[in-house]
Amino acid sequence: MTNRFSNYFRRYFGFSSTEIRGLFVLVPAMLFALFIPQIYKSYLLANTEHGAAQDEEQLRVWADELRNQIVVTQEVEEFPIYAKHFDPNLIRTDQWIKMGFTESIAERIKKYLTKGGVFKKKEDVLKIYGINRRLVKAYFDYMYFLPSEKRRIRQVYKPTVTYAAPAPAPVETTSQPPTVRRVEPETYELNTADTTELKTIRGIGSFWAKSVVTSREELGGFVDRMQVYEINYMPDSVADLIIDHTTFEPSAIRQLNINTLEIDQLRKHPYINYKLANAIVKYRKQHGEYEEIEDLKKIVILKDSVYQKIFPYLIISD
C-alpha cells in the first residue's frame, strides 16, 4: 500500500523517496495539530455543565460564610452598654474607659472638666473633640445632671473623721493688712491671636507661639480647644498654659468642598492623607456628587475616629 502511494507521488509529482517519507510524517502531524484542539474543546464543553454546577455550589457556600462573618462582625461592633446612671461631670477617667470610650477621650474629658468646663445637658458631651458620637447617644438614657450646688458638694465632700485642735486665742492688732491689688492675666481668642499676643503668655516663647498659629492655619481654624494638645511635640504643660490664657470661639472655620476639590487640594489638610483624599475623589466620580457629609461613611477606609475629626471642616456646596 505504501509502495503504491510512493510510486504515484514519484510518477506525478517527481518526489524523491526521502521527500515521500517526509510527506508521510508531515501530513499526519498537520492533521493532528489541526483537529486535536477541536477534540479537546469538545471534551471540555461536555464537562462544563458539571463543572459549572460545582463552581456555583462553591460560590454559594462562600457567600454564606461571608454573610455569617458580616453578621458576627456587626454583633461584635454593638456597643456594650455599661448600664448605670451617672452624671458625666462626676465620673472618673477609669469609668469613662469602662463605658467603652478610649483612654485619650477619657483624658480629654478630664482636662475639659479640670479647666472649668461643665456638661449642662446631654448634647454637651457630643462637643468633646473626637468622641464617639454613637456611643455617647447610646448612654443618653442613663445620664442625669445634678444642680450646680449639689454637684459642688459631691465633688468636694469626703467622708473623713478629723479632730480639730482648740483654736488659738485671737491676737489683737491695730495695724491694717496691706491692700493687695489682683491683676487679672490678659486672655486672647485662640482662633485669632497672632504670635505676638501668644508670646506675652508667660512660658510661651516664639517657637510655641508660631507652632500654634501654623497648626491653626493648616487646619483652617480650631473647632475645639483640645486640638492644641495635638500640636507636634508640644508638652501638655505648655498646652495647659495656652488653654488657661485664651478664650475660644469656633468661628470663621475654613472648610473644604468635597464636591469640587481634587486630591492635591484635599490632601493638604492635616487630617486627610493622600490615600483618603484619593478615596474621596474616586467615590465622587463613581457615584456622583455627595448629597450630605455623612455619605463619606460609605468609604470603606474611612475610620469613624477620622470622620469625627474631619467632618467640621467639610462642606458639600459653597
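Is Asp 236 buried, partly exposed or exposed, and at what relative accessibility? I looked this up and found that Asp 236 counts as partly exposed, at 39% relative accessibility; buried means under 20% relative accessible area, exposed over 50%, and partly exposed in between (1.4 Å probe, protein chains only).

I noted that this is a predicted model, in which local features need pLDDT of at least 70 and side-chain atom pairs count only at pLDDT 80 or more, while totals for chains, interfaces and linings use all residues. Residues are numbered from 1 along each chain as its sequence is written, and side-chain values use heavy atoms, with hydrogens and water left out.

Entry on the salt bridges. I searched the whole structure and found nine salt bridges, each a side-chain nitrogen of Lys or Arg within 4 Å of a carboxyl oxygen of Asp or Glu.

Entry on Asp 236. I found its side chain in a salt bridge with Lys 111, at 3.1 Å from N to O. The pair links distant parts of the chain, 125 residues apart: Lys 111 lies in helix α4 (residues 103-114) and Asp 236 in helix α10 (residues 236-244). Helices here are DSSP runs (H or I, at least four residues), numbered from the N terminus.

Entry on Lys 115. I found a salt bridge between Lys 115 and Asp 244, at 3.4 Å from N to O. This pair also joins distant parts of the chain, 129 residues apart, with Asp 244 in helix α10. Lys 115 is partly exposed at 33%, and Asp 244 is partly exposed at 44%.

Note on methods
Helices (H or I, at least four residues) and strands (E, at least two) are DSSP runs, numbered from the N terminus.
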